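Thanks for coming. I'll go through one model this morning, starting at the surface and then moving to the ligand and the charged pairs.

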Amino acid sequence: MISEQLIYDAFRRFLVKKSRPRTEAIHVSEVVGCLRKAYYNRKYGDEQLNHLAPTKRVILSLGLSTHLILEEILEELGYKTESIYTLNLGGLKLVGTPDAVNPQRNSILEIKTVNKLQEHPLEHHILQLNTYQGILKIIYDSRPPLGHIIYIHKRDGQIKIHTHTFDEQLFHKIIERARIYHQYLKQDQEPPAEQSWLCHYCEWKWRCKP
Ligand code: SF4
């Protein structure tokens, strides 16, 4: 018998199917946002994603399905999608999974679905893209690719693209955060809260009490 619960659960299963397997390597997305949240996700997050509110499962799934639609077309345009790039930082591995990379055009894309198109890209999106640019620069021993963040407005369908040129200082800031986060993980110690407007959307705020 069909029910709302069953549909919420279908979205949860979709996300579980598409989730990255858990590894010891640190993902870039963990260190461009609140380290405490990343720590909680590792320590208390359920692999079946039952810790996510049912509505959040739907929102995340809709964002992910937009990626899947675009990936097919981007591959036809010569982009490699969802490839995994790993940077060894002596004792820790930092992993990046840019949405799309085109080595011939020296271009990298991140796709974001949003409720509001902003004049400027969000800080954590820039940090994520910039870190991917830095990782690719090192792996390919070449100039960093030019970055683009593609914002897609969920309600009215408008699209806005921001271009980002690699910033070496920002890259080193994130590398340093990855080292700090690695230490917290090794010592199984909770990182300090890093409060921002994103706390409003955080599934761990009941535990964190920022
Ligand atoms: S509520 Fe805010 S400070 Fe606390 S874990 Fe979540 S994002 Fe971090």
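**Surface, ligand shell and salt bridges**

On the surface, I2, L6 and I7 make up a nonpolar patch, with about 290 Å² of accessible area together. A patch here takes residues with over 30% relative accessible area and no salt bridge, joining like charges within 9 Å and nonpolar side chains (Val, Leu, Ile, Met, Phe, Trp, Tyr) within 5 Å. Accessible areas are from the Shrake-Rupley method with a 1.4 Å probe, and for residues only the protein chains shown count as cover.

Before going on: this is a predicted model, where local features need pLDDT of at least 70 and side-chain atom pairs count only at pLDDT 80 or more, while totals for chains, interfaces and linings use all residues. Residues are numbered from 1 along each chain as its sequence is written, and side-chain values use heavy atoms, with hydrogens and water left out.

L6 sits in helix 1, residues 4–18; helices are DSSP runs of H or I, at least four residues, numbered from the N terminus. L6 is partly exposed at 44% relative accessibility, where buried means under 20%, exposed over 50%, and partly exposed in between.

Now the ligand. Which residues are around the ligand? They are C34, R36, K37, A193, E194, C199, C202, K205, C208 and P210, each with a heavy atom within 4 Å. Helix 3 (35–44) and helix 7 (205–208) are the elements that give two or more residues to this shell. By class, the shell has six nonpolar, no polar and four charged residues; Ala, Val, Leu, Ile, Met, Phe, Trp, Tyr, Cys and Pro count as nonpolar, Asp, Glu, Lys and Arg as charged, and the others, Gly among them, as polar.

Of the shell cysteines, C34 is partly exposed at 25% and C202 is buried at 13%. The structure has zero disulfides, a disulfide being a pair of cysteine sulfur atoms within 2.5 Å.

Last, salt bridges: a side-chain nitrogen of Lys or Arg within 4 Å of a carboxyl oxygen of Asp or Glu. The count is eight. One of them pairs E190 with R36, closest N and O atoms 3.1 Å apart. E190 is in the loop between helix 6 (168–186) and helix 7, and R36 is in helix 3, so this pair ties together parts 154 residues apart in sequence. R36 is buried at 14%, while E190 is partly exposed at 36%.

Another joins E194 to R177 at 2.9 Å between the closest N and O atoms. R177 is in helix 6 and E194 in the loop between helix 6 and helix 7, 17 residues apart.

Conventions. Buried means under 20% relative accessible area, exposed over 50%, partly exposed in between (1.4 Å probe, protein chains only).
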